[in-house]
Amino acid sequence: MGDTIVAPDFSLPSTDGGTVSLSDFRGQPVVLVFWRVNCPSCEYQMPFLQAFHAKWSNDEVALVTVNVGEPPGMVAEYVSRRGLTFPVLLDTQQQVAQTYGIIGVPFAFLIDGDGVIKAYKVGPFQNSDAIEGAVRRVFPDVELGM
């Protein structure tokens with residue numbers, strides 16, 4: 001399977017005024033998505049992320065998203081207008097995106113409960129079933145109800 005790559009921990013401000021760290025989610029798999037407001041394929045993917053989160057937010061998988069380099073006010077307005085309820089973190093200086101080697105958005109990582117990167121995806125998920133499918137493939141022992 002190659003080398004184990006541990007996802008670099010980070011702490012970023014969120015649009016709701018708090019601060020969130022990747023390590024807050026230790027013990028559960030994380031779908032970590034980097035995105036921008038001004039990105040058509042990110043926009044396309046948003047409803048699928050929201051549907052996945054709405055279905056599984058109290059379940060075993062955390063959805064965490066990171067906005068790359070856009071003004072916090074613009075991002076907060078977007079989140080509010082779209083009614084997004086998953087964590088949206090603000091990587092205003094793009095330091096986390098650089099740490100993760102993000103070359104374009106959207107870019108998703110699937111990270112296990114020990115913080116190890118198990119898979120990644122460049123480009124948008126085509127629907128919420130595709131997100132669930134990826135989670136089921138990468139984390140076969142996670143109980144996503146039927």
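Me: Where is Asn67 found?
Reply: This is a predicted model, in which local features need pLDDT of at least 70, side-chain atom pairs count only at pLDDT 80 or more, and totals for chains, interfaces and linings use all residues. Residues are numbered from 1 along each chain as its sequence is written, while side-chain values use heavy atoms, with hydrogens and water left out. Helices (H or I, at least four residues) and strands (E, at least two) are DSSP runs, numbered from the N terminus. With that in hand, Asn67 is found in strand 4.

Me: Is Asn67 buried or exposed?
Reply: Buried means under 20% relative accessible area, exposed over 50%, and partly exposed in between (1.4 Å probe, protein chains only). Asn67 has 0% relative accessibility, so this residue counts as buried.

Me: Which residues does Asn67 touch, not counting those up to four places away in sequence?
Reply: Contact here means heavy atoms within 4.5 Å. By that rule, Asn67 touches Trp35, Arg36, Val37, Val75, Leu89, Leu90 and Asp91.

Me: Which residue is the bridge partner of Asn67 in strand 5?
Reply: Two strands pair if DSSP finds at least two bridges between them. Strand 4 and strand 5 have four bridges and pair in the parallel sense. In strand 5, the residue bridged to Asn67 is Leu90.

Me: In what order do the five strands of the open sheet stand?
Reply: The pairing in this open sheet is mixed. Strand 5 (88-91) and strand 7 (117-122) stand at the edges with a single partner strand each, so one side of each has no neighbour in the sheet. Neighbouring strands are turned by 20° against each other on average, direction ignored. Read across the sheet, the order is 5-4-3-6-7.

Me: What angle does helix 2 make with strand 5?
Reply: Axes are lines fitted to C-alpha atoms, for helices over the stretch in contact, and angles run from 0 to 180 degrees between N-to-C directions. Helix 2 (residues 72-82) packs on the sheet and touches strand 3, strand 4 and strand 5. Its direction and that of strand 5 make an angle of about 165°.

Me: How many residues of strand 3 are buried?
Reply: Val30, Leu32 and Phe34 point one way from strand 3, Val31, Val33 and Trp35 point the other way, and all are buried. In a regular strand the side chains alternate between the two faces of the sheet. Strand 3 (residues 30-35) is largely enclosed by the rest of the structure, because its buried residues number six of the six.

Me: Which residue in strand 6 is the bridge partner of Leu32?
Reply: Strand 3 runs parallel to strand 4 (residues 62-68), joined by six bridges, and there Phe34 stands opposite Val66. With strand 6 (residues 107-111), strand 3 pairs in the antiparallel sense over five bridges. In strand 6, Leu32 is bridged to Phe109.

Me: How are the rings of Phe34 and Tyr100 arranged?
Reply: Rings of Phe, Tyr and Trp (its six-membered ring) pair if their centres lie within 6.5 Å; planes under 30 degrees apart count as stacked, over 60 as edge-to-face and the rest as tilted. The structure holds nine aromatic pairs. For Phe34 and Tyr100, the centres are 5.5 Å apart and the planes at 50°, so the pair is tilted.

Me: How far apart in sequence are the parts that Phe34 and Tyr100 tie together?
Reply: Both Phe34 and Tyr100 are buried. Phe34 lies in strand 3, whereas Tyr100 sits in the loop between helix 3 (95-99) and strand 6, so the distance in sequence is 66 residues.

Me: Is the disulfide of Cys39 and Cys42 right-handed or left-handed?
Reply: A disulfide is a pair of cysteine sulfur atoms within 2.5 Å, and the structure holds one. It joins Cys39 to Cys42, with S to S at 2.3 Å. The torsion about their S-S bond is about 75°, so the disulfide is right-handed.

Me: What is the relative accessible area of His53?
Reply: His53 is found in helix 1 (residues 40-56). Leaving aside neighbours within four places in sequence, His53 is in contact with Leu63, Thr85 and Phe86. His53 is buried, with a relative accessible area of 13%.
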